[in-house]
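This report concerns aromatic rings and their surroundings. Please examine the structure below before reading on.

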Amino acid sequence: MKVLGIETSCDETGVAVYDSSNGLLAHKLYSQVKLHADYGGVVPELASRDHVRKIVCLVQETLEQAQLAAKDIDGIAYTRGPGLIGALLVGSSMAKSLAYAWQVPAIGVHHMEGHLLAPMLDEPVPAFPFLALLVSGGHTMLVNVQGIGRYDVIGESVDDAAGEAFDKTAKLLGLDYPGGPLLAKLAEQGVPDTYRFPRPMTDKPGLDMSFSGLKTHAANTVKKELNDLQTHANIAYAFQEAVVDTLLIKCRRALKQTGLKRIVMAGGVAANKKLREKFASASKADKFEIFYPSFEYCTDNGAMIAYAGCQRLLAGQFTDFDSKAMPRWSLETLPAV
Ligand code: KG4
Ligand code: ZN
């Protein structure tokens, strides 16, 4: 089965074709980062307009790259939510129109399920069950994953998502949007242990997380200290250590609680090198397996949506044409495959 996947939940227009027999055949991504950078964050109305501008061209280019025609496509997957409503509407309208014109089923995919299954696009493919650590700009979640659609959210951020905290702290340090990767780069020049930031919500039991205090801690440190590059690098280092350590403490706790022996990490922050390093050494010490998507499938993309949609279409699931987009949508309400 060949599935066209469309992602438009935020500021990336992603289109891909996934084939259940031959894997990913093509994928294209258009990032709106430059458009939003002047505003220091995503402007929803501008995002919707830019998705409208790019989506048809990207579908054409992706089909060309895959050397496929409309008649070769067996289904259309699109991001139904969660995300910015105007942006979601662009992708869902496009997907439903194509499905109607090409007489194939459409399936609305949960954006976080897309992230969660993204590591399946690479070898080795993680086996179920596993603990998923989803760390994106909008969400931070620990999920007990027993199979596709069998999700138990056992921990999440009570305030800012990890990526959001990275971006806000980066802004404090004068870095451009989206600041997560830039802060990580700056942290490489930081002197270890100049500052020690707290590891929030780790002194009490439980799997929920909180990252907004770290941003405040960074703001207070910036105010107190010298306004130079080395100080900023030291703050970036301490901030990153605190986020990564907190995520690791929570994951170790979750593994113990669930008895799971495998972690799948996904979402934009899973691209963070320090996070990968610390989890890699923990996995050796604690004897658990760890899987990540390749860097290009960590941040938003159409490939993960095509893959997730394909699994559901193969199981006979589809989404009605009169279904609504879901700006808020619980992962736990999805049907099992
Ligand atoms: O998954 P994603 O592309 O979009 C959402 O669904 O939110 O994640 C984007 C987030 C942004 O907050 C970005 O700053 C962060 O992922 N990010 C990183 C890195 N690369 C992307 N954060 C820390 N280190 C990185 N290397
Ligand atoms: Zn995302």
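Phe166 has a relative accessible area of 3% in this predicted model, and because this is under 20%, the residue counts as buried. Phe239, at 0% relative accessibility, is buried as well.

A search of the whole structure finds four aromatic pairs. A pair of aromatic rings is described by the distance of the centres and the angle of the planes. Two of the pairs are set out here with those values.

| Pair | Distance of centres | Angle of planes |
|---|---|---|
| Tyr18 and Tyr307 | 5.0 Å | 80° |
| Phe166 and Phe239 | 5.2 Å | 85° |

Why is the pair of Tyr18 and Tyr307 edge-to-face? Its planes stand at 80°, and an angle over 60 degrees counts as edge-to-face. The pair of Phe166 and Phe239 is edge-to-face because its planes stand at 85°.

Where do these residues lie along the chain? Tyr18 belongs to strand S2 (residues 12-19) and Tyr307 to helix H10 (residues 302-314). These two residues are 289 residues apart, and their pair links distant parts of the chain. Phe166 is found in helix H5 (residues 162-172) and Phe239 in helix H8 (residues 229-258), so their pair ties together parts that are 73 residues apart in sequence.

Are Tyr18 and Tyr307 buried or exposed? Tyr18 counts as buried at 11% relative accessibility, and Tyr307 counts as buried at 9%.

Aromatic rings also meet a charged residue. Arg276 lies over the face of Tyr292, at 4.4 Å from the ring centre. The charged end of Arg276 also sits over the ring of Phe295, 4.3 Å from its centre.

Terms used
Residues numbered from 1 in each chain as written. Chains lettered and ligands numbered in written order. Predicted model: local features only at pLDDT ≥ 70, side-chain atom pairs only at ≥ 80, totals over all residues. Heavy atoms only, no water. Phe/Tyr/Trp six-rings, centres within 6.5 Å; stacked < 30°, edge-to-face > 60°. Helix = DSSP H or I, 4+ residues; strand = E, 2+ residues; numbered from the N terminus. Buried < 20%, exposed > 50% of the residue type's maximum accessible area, 1.4 Å probe, protein only. Lys NZ or Arg CZ within 6 Å of the ring centre and 35° of its normal.
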